[in-house]
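I opened this entry to keep track of what I looked up. The notes follow the order of my checks.

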Amino acid sequence: MTEHDLEDLVDLDRYPLHDPDSAGYLAAVNAARGSLRTIGCAIVKDLVRPEAIARLNAEIMERKHTTHFSTQVMNPYFHTTVNDEFPADHPANIFLERSSGFIPGDSWEPGCATDLIFRAPTVARFLADCLEIPELYCYADPLAGLTANILDPGQLFTWHFDTNDFAVTVLVQEADEGGLFEYYPAIRSADDEGFDRIQSILKGDREGVHTLDLRPGDMQIFRGRHSLHQVSRVPTHSRPRHAAIFAYTEEANVIGRVERTQQLFGRVMQEHLDAEQERVRSDALID
Ligand SMILES: O=C(O)CCC(=O)C(=O)O
Ligand SMILES: [Fe+2]
């Protein structure tokens, strides 16, 4: 293997990812499946070893100057402009601050500890089993595959829904205060927008909101398409909050769209332009 072995990074004694037939593996998968089915969220406590978390945080610090920070005032659907079809206090017209940054995928060289955990086939296998999906592939997008979400003092990632079906996060550095992951499970579904409930949460109601007690080293698997969630504000006197985000897809070789990439990373790469071109070309063939 490369510089590090997965064993140095991940607690394979407690979570035998390399041995899918073991009782320990099955117990971990069953626990995660249970909570994913009921509340759309599973936490694998202390999956990453404490010494490895120190490495991961050092890797984030070394790359922090490459973070693309951006601030938006947005509704939970990531829109930033008023929708006249709805009244002024409708969730589509409630705009809250998101201020945070992402360290992009091309900042991590192959074989660094963060990249190694993200790309380990045993980790992807385990996550697929937890999510009850046949197979998972690392998101092939050169910027959005492996990222770190950075909340510097004063920043927050306000209430929103993800566009991806699920997200995998490892908390690397917690804030001294605030910076908490909060969510309202299944506040909407494919056939119920849940606007009334969403509106009251956006206005500050706390009923039904879960706050996670995440610690550095915990891996979180989260279905964020139907569960409204936020990372609360990191106060100005706190340390920054750092989280590694691993993106996987159910199909191989998926690349993000140009517009969304520009929004999140402030730039696009040749791969994005080529993939967009490819989409245009296949559309043109049908005509
Ligand atoms: O940093 C996190 O824990 C997750 C942030 C989030 O919800 C997102 O990036 O969509
Ligand atoms: Fe999210």
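**Conventions.** I am working on a predicted model, where local features need pLDDT of at least 70, side-chain atom pairs count only at pLDDT 80 or more, and totals for chains, interfaces and linings use all residues. Residues are numbered from 1 along each chain as its sequence is written, chains are lettered from A and ligands numbered from 1 in the order in which they are written, and side-chain values use heavy atoms, with hydrogens and water left out.

**Helix 3.** I took helices as DSSP runs of H or I with at least four residues, and strands as runs of E with at least two, numbered from the N terminus. Helix 3 covers residues 50-63, 14 residues in total. Its first and last C-alpha are 20 Å apart, close to the 20 Å expected at 1.5 Å a residue. That expected span is 1.5 Å times one less than the number of residues.

Next I checked burial (buried is under 20% relative accessible area, exposed over 50%, partly exposed in between, with a 1.4 Å probe and protein chains only). Ala52, Ile53, Leu56, Asn57, Glu59, Ile60 and Arg63 are buried in helix 3. They share one side of helix 3, because their arc around the axis is only 155°. The arc is taken over the directions from the helix axis to the C-beta atoms. Pro50, Glu51 and Glu62 are exposed on the face turned away from that buried side. I then looked for the cover, using contact as heavy atoms within 4.5 Å. The cover over the buried residues includes helix 1 (6-9), helix 4 (113-119), strand 3 (96-103) and strand 12 (241-246).

**Helix 6.** I repeated the check on residues 195-202, where Ile198, Gln199, Ile201 and Leu202 are buried. Their arc is only 165°, so they lie on the same side of helix 6. They pack against strand 3, strand 6 (157-160), strand 8 (181-184) and strand 11 (228-231). Just after helix 6, glycine 204 has a positive phi of about 110°.

**Ligand 1.** I listed the residues around ligand 1 (a heavy atom within 4 Å). Among them are Phe157, Thr169, Phe181, His229, Arg241 and Ile245. For polar contacts I used pairs of N or O atoms within 3.5 Å. An oxygen atom of ligand 1 sits 2.8 Å from a side-chain N or O atom of asparagine 149. For histidine 160, the corresponding distance to an oxygen atom of ligand 1 is 3.1 Å. A polar side-chain atom of aspartate 162 is also 3.1 Å from an oxygen atom of ligand 1. Taken alone, ligand 1 exposes 290 Å², and the protein buries 89% of that. Areas are Shrake-Rupley values with a 1.4 Å probe.

Is glutamine 220 buried or exposed? Glutamine 220 is buried at 2% relative accessible area, and belongs to strand 10 (residues 219-222). Beyond neighbours within four places in sequence, its contacts include Cys41, Ala167, Phe181 and Leu212. Glutamine 262, in helix 7 (residues 258-265), is partly exposed at 38%. With the same exclusion of neighbours within four places, glutamine 262 contacts Arg267 and Val268.

**Positive phi.** Most residues other than glycine have a negative phi. Phenylalanine 78 has a positive phi of about 70°. It lies in the loop between strand 2 (68-74) and strand 3, and is buried at 11%. Glutamate 132 has a phi near 60°. Glutamate 132 falls in the loop between helix 5 (121-131) and strand 4 (137-138), and is partly exposed at 42%.

Notes: A polar contact is a pair of N or O atoms within 3.5 Å; within protein, one must be able to donate a hydrogen and the other to accept it, and residues adjacent in sequence count only if both atoms are side-chain atoms.
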